Structures are given as C-alpha cells and as structure tokens.
Amino acid sequence: MKKVKLENQGVGPFPGMIVGATVNERPTYTTVGAGGCACLEPVLCVSLMNTHYITEGIMRTGSFSVNIPSSRLVKELDFCGTVSGKNTDKSGLFTPFFDQTGQAPMIAECSLNFLCNVCDKTEIRGFTMFFGDIVAAFVNEDCLINGKPDPIKIDPVIMMGFSYCNLESVIGQPFSEGKKLNNFCG
Ligand SMILES: Cc1cc2nc3c(=O)[nH]c(=O)nc-3n(C[C@H](O)[C@H](O)[C@H](O)COP(=O)(O)O)c2cc1C
C-alpha cells in the first residue's frame, strides 16, 4: 500500500476523556485526549496545558478524575473542550460524586470513572503531564457483562483529527489473537 506523508494533521485516535477537579471549591471539567495508561501498575496520565483553569486545581489538590463519556455525551465532551472555567462555571453541567480516597469530583453521567491522586508530574512544552495512582474506579451497572466492564456498553467516544467516532464491535482478545501468528515466525 502506498503511504501518503501527512502534514499538520491532528493526532489520534484517542478515547475522549473528561478530567474533573476542584477549583475554587467547585467542580470543573476539561476535555482531554492526551493521556492514558502510564505503566503496568494502575496509574493514569493526563496532559494539560499549564494555562488551563483546571490545571491549577490539580496542582493544588493533588487529585483528578478521569471520566469516560459515552457517545450520548459527545456534546458535553466537546463543550468541556471548547469553553474554559476561567469564563464559564462548568460545575452545573454534570452530577458530581465523590469518594473519600481523593478530592476530585467524578461525573455520574459518565459510564466509567477513575479517581486519581497525583504521584508524579512532568512538564512538556507548556503542558503538565500528571500521573495519578488510581485510588477508586466506578462503572455503570448496565455496562457490565458477567461482572466485567464491557467496552461496547461503555460506548467511549474515539477522537481523531476532526472526527468523533464510536466503537462498533469486539474483534478479539488481548494476549490471545497474536498466538494465531505463532507459526509465522517458525
Ligand atoms: C477533543 C478535544 C481534546 C482536547 N484535549 C486536550 C488535551 O489533551 N490537553 C489539553 O490541555 N487540552 C485539551 N483540549 C482543550 C481543552 O479541553 C480546552 O482548552 C478547555 O476549554 C480548557 O478548559 P479549562 O480552562 O476550563 O481547564 C482538548 C479539546 C478538545 C475539544
């Protein structure tokens, strides 16, 4: 297949995440694509511009939540990524809920929630990448199959360039599909 060299394109695909934190004693929410799993232990990372409203809150409280909205919440996902808490109070957008293990608000309307306490951070070109130990995780009961979170029911928003997409089907099992190629390497 011939490759086309891309110029100035958006990166991705990434799952859409809404990060929650407390700023000025109120919940606030910011959309993040730059983030994910940091290592084999339960540590998530999110990269936030230093000038964002939410960043100061995470710095001060040492706590953030990562909330995975379903595709039904694509408008809210986009809103939290285009409006700043500096000018607009986003606290009323969602129903916050809390856990005693951290200070950040989690979003009841999102299918999957992780509460993280900052264990490390690093600066990169005007952004701070926060690493957080997952201290609590929640999933909507109707997103479980046989007691396990089901990605299709969680229905995350996948973003890339100028598009938001959703998941269609399960296509395999990690650490299993590759075994079908064992003969390939002799
Ligand atoms: C799809 C999408 C993804 C985004 N990803 C990030 C990101 O990974 N890091 C970041 O700092 N800003 C990201 N942004 C921009 C912020 O969400 C946006 O500037 C937001 O309004 C900042 O809010 P705040 O000032 O209330 O914190 C993203 C925006 C959108 C729409």
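**Exercise 1.** Is Ile-107 buried or exposed?

*Solution.* The structure is a predicted model.
Step 1: locate the residue. Ile-107 belongs to strand 8, which covers residues 106–107.
Step 2: read its relative accessible area, which is 0%.
Step 3: apply the cut-off. Buried means under 20% relative accessible area, so Ile-107, at 0%, is buried.

**Exercise 2.** Determine where the ligand sits and describe the shell around the ligand.

*Solution.* Step 1: find the site. The largest pocket holds the ligand.
Step 1: list the nearest residues. The ligand has 22 residues around it, and those that come nearest are Thr-30, Thr-31, Met-49, Ser-84 and Gly-85.
Step 2: sort the shell by class. It has 11 nonpolar residues, 9 polar residues and 2 charged residues.
Step 3: assign elements. At least two shell residues come from each of strand 3 (26–32), strand 5 (43–49), helix 1 (53–61) and helix 2 (74–80).

**Exercise 3.** Give the distances from oxygen atoms of the ligand to backbone atoms of Ala-34, Val-83 and Gly-85, then state how much of the ligand the protein covers.

*Solution.* Step 1: for Ala-34, a backbone N or O atom is 2.9 Å from a ligand oxygen atom.
Step 1: for Val-83, a polar backbone atom and an oxygen atom of the ligand are 3.0 Å apart.
Step 2: for Gly-85, the distance from a backbone N or O atom to a ligand oxygen atom is 2.7 Å.
Step 3: on its own, the ligand has 650 Å² of accessible area, and the protein covers 82% of this.

**Exercise 4.** Which kind of peptide bond joins Gly-12 and Pro-13?

*Solution.* Step 1: most peptide bonds are trans.
Step 1: between Gly-12 and Pro-13, omega is about 5 degrees, and the bond is cis.
Step 2: Pro-13 lies in the segment before strand 1 (14–15).

Key: Residues are numbered from 1 along each chain as its sequence is written. This is a predicted model: local features need pLDDT of at least 70, side-chain atom pairs count only at pLDDT 80 or more; totals for chains, interfaces and linings use all residues. Side-chain values use heavy atoms; hydrogens and water are left out. A residue is near a molecule or strand if one of its heavy atoms lies within 4 Å of it. A polar contact is a pair of N or O atoms within 3.5 Å; within protein, one must be able to donate a hydrogen and the other to accept it, and residues adjacent in sequence count only if both atoms are side-chain atoms. Accessible areas come from the Shrake-Rupley method with a 1.4 Å probe; for residues, only the protein chains shown count as cover. On a 1 Å grid over the protein atoms alone, a cavity is a set of points where a 1.4 Å probe fits but cannot get out, and a pocket is an open set with protein on both sides within 12 Å along at least five of seven lines; lining residues have an atom within 4 Å of a point. A molecule sits in a cavity or pocket if more than half of its atoms lie within 2 Å of its grid points. Helices (H or I, at least four residues) and strands (E, at least two) are DSSP runs, numbered from the N terminus. Ala, Val, Leu, Ile, Met, Phe, Trp, Tyr, Cys and Pro count as nonpolar, Asp, Glu, Lys and Arg as charged, and the others, Gly among them, as polar. Buried means under 20% relative accessible area, exposed over 50%, partly exposed in between (1.4 Å probe, protein chains only).
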